[in-house]
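I opened this notebook to keep a record of what I looked up, entry by entry. The structure is shown below, and my notes follow.

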Amino acid sequence: MTSTGTPSSPLTAAGTPRPGGAGQLAGRTVSRIGYGAMQLERLRSDRAAAVALVRRAVERGVDHLDTAQFYGDGFVNEVIREALRPADDVVVVSKVGADPDPGGPLPLRPAQRPEELRASVEDNLRSLGTDRIAVVNLRRLDTGPGLRAEGDQVVALDDQLAVLTRMRDEGKIGAIGLSSVTLDGLRRALPAGVVCVQNAYSLVSRDDEDMLTLCSAEGIAWVPYFPLGGAFPAMPKVADEPAVHTAAQALGVTPAQVGLAWLLRHAPNVLLIPGTADPGHLDANIAVGGIALDGEALAALDAVRSRSADVPLG
């Protein structure tokens, strides 16, 4: 489940053109359009369809999958394990910092303590059926939509990085990333060797522009979640913007494709992981790499007002 491709190779290990071109993640070449696997849980009643969707993504050039043990309480990881073959040479990225909580108001609960992080890595290893995960993202609860840490879940970043660094030294983790992190947190974590940052970020929510700039300077991949805004009522949405609809109509594509194409053009270190449980939407996401935004369209999109995505999800 690791990629060893030639730097900047335009083709995957299987010889497929890379959707969106070639990007870098933890010193490896990956397609800039990957796949976020969270929505595979929607196919729990049709496991074969879930496996087929992952295969479809890989066969179309996706070689960067984003997952977590708390996606479907292990179901998503198990689907990925079943779907992938060694020859696919796919980089699988997982995350820790939360545990499943099926009966709670959200399906997650914080799991920030060092011993919980170690246990979560071990759980991911088992469900993925591997002895090493290429990248593990530490989901902090400092910023962005969703959970916040309270009580004994308020843990110093240094203590969390220490346990992940030990697991990297043990060979169970290839590299460390951060998710839902502040700019100050990223700066403090740089000595640990951060390879990617996953924060809520889109055309309509660009609060983290300074962090994106820092990541670009440091060779850190920027992997936005909620790349089209959020499905939650209080979050701004890319598809609500008139400038996005104007560009989409001119190009004969969807507003969602315009929002993803803007991200690819906005910074060279952006890697996309749009998620879906629908084969047609998967194909549309992969096709974004072929969309060309001209200077006029880019200027209009850049001028869209940014609003905060830091809202509660309850």
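This is a predicted model: local features need pLDDT of at least 70, side-chain atom pairs count only at pLDDT 80 or more; totals for chains, interfaces and linings use all residues.

**Entry: the buried residues of H1**

I then asked which residues of H1 are buried, and the list I found is Ala-50, Val-51, Leu-53, Val-54, Arg-55, Ala-57 and Val-58. I kept in mind that an α-helix has 3.6 residues a turn, so residues three or four places apart point the same way. Looking for what the buried residues of H1 pack against, I found strand S3 (35–36), strand S4 (64–66), H2 and helix H9 (279–286). Just after H1, I noted that Gly-61 takes a positive phi of about 105°.

Ala-26 is found in the loop between strand S1 (22–25) and strand S2 (28–31), and with a relative accessible area of 29% Ala-26 is partly exposed. Asp-89 sits in the loop between helix H2 (75–83) and strand S5 (91–96), where its relative accessibility of 15% makes Asp-89 count as buried.

**Entry: salt bridges**

How many salt bridges does the count come to? I recorded 19 of them, and I looked at some in detail, bearing in mind that side chains of opposite charge can pair when their charged atoms come close.

I began with Asp-66 and Lys-95, which form a salt bridge whose closest N and O atoms are 2.8 Å apart. Asp-66 lies in strand S4 and Lys-95 in strand S5, so this pair ties together parts that are 29 residues apart in sequence. I checked the burial of both partners: Asp-66 is buried at a relative accessible area of 3%, and Lys-95 counts as buried at 5% relative accessibility.

I turned next to Arg-109 and Asp-99, whose side chains meet in a salt bridge at 3.3 Å, N to O. Because Arg-109 belongs to strand S7 (residues 108–110) and Asp-99 to strand S6 (residues 98–100), the pair ties together parts that are 10 residues apart in sequence. Here Arg-109 counts as partly exposed at 34% relative accessibility, whereas Asp-99 is buried, with a relative accessible area of 16%.

I also looked up Glu-116 and Arg-113, which form a salt bridge with the closest N and O atoms 3.4 Å apart. Glu-116 counts as buried at 12% relative accessibility, while Arg-113, at 24%, counts as partly exposed. Asking how these residues are connected, I found that Asp-99, Arg-109, Arg-113, Glu-115, Glu-116 and Asp-152 are linked in a network of salt bridges.

**Entry: aromatic pairs**

I found a count of four aromatic pairs. One of them is Tyr-201 with Trp-262, and I asked why this pair is stacked: the ring centres lie 6.5 Å apart and the planes are at 25°, which is under the 30 degrees that stacking requires. The pair links distant parts of the chain, with Tyr-201 in the loop between strand S10 (194–198) and helix H6 (209–218) and Trp-262 in helix H8 (residues 255–266), 61 residues apart. Both Tyr-201 and Trp-262 are buried, and together with Trp-222 they form one aromatic cluster.

I compared this with Tyr-225 and Phe-226, whose ring centres are 5.4 Å apart with planes at 65°, so the pair is edge-to-face. Tyr-225 is buried, with a relative accessible area of 17%, whereas Phe-226 counts as partly exposed at 24% relative accessibility.

**Entry: cysteines**

Finally I searched the whole structure for disulfides and found zero. Cys-196 is in no disulfide, its nearest cysteine sulfur being that of Cys-215, 8.9 Å away. I noted that this distance is too far for a bond. Cys-196 is buried, with a relative accessible area of 2%, and Cys-215 is buried as well, at 0%.

Conventions:
Residues are numbered from 1 along each chain as its sequence is written. Side-chain values use heavy atoms; hydrogens and water are left out. Rings of Phe, Tyr and Trp (its six-membered ring) pair if their centres lie within 6.5 Å; planes under 30 degrees apart count as stacked, over 60 as edge-to-face and the rest as tilted. Helices (H or I, at least four residues) and strands (E, at least two) are DSSP runs, numbered from the N terminus. Buried means under 20% relative accessible area, exposed over 50%, partly exposed in between (1.4 Å probe, protein chains only). A disulfide is a pair of cysteine sulfur atoms within 2.5 Å. Contact means heavy atoms within 4.5 Å. A salt bridge is a side-chain nitrogen of Lys or Arg within 4 Å of a carboxyl oxygen of Asp or Glu.
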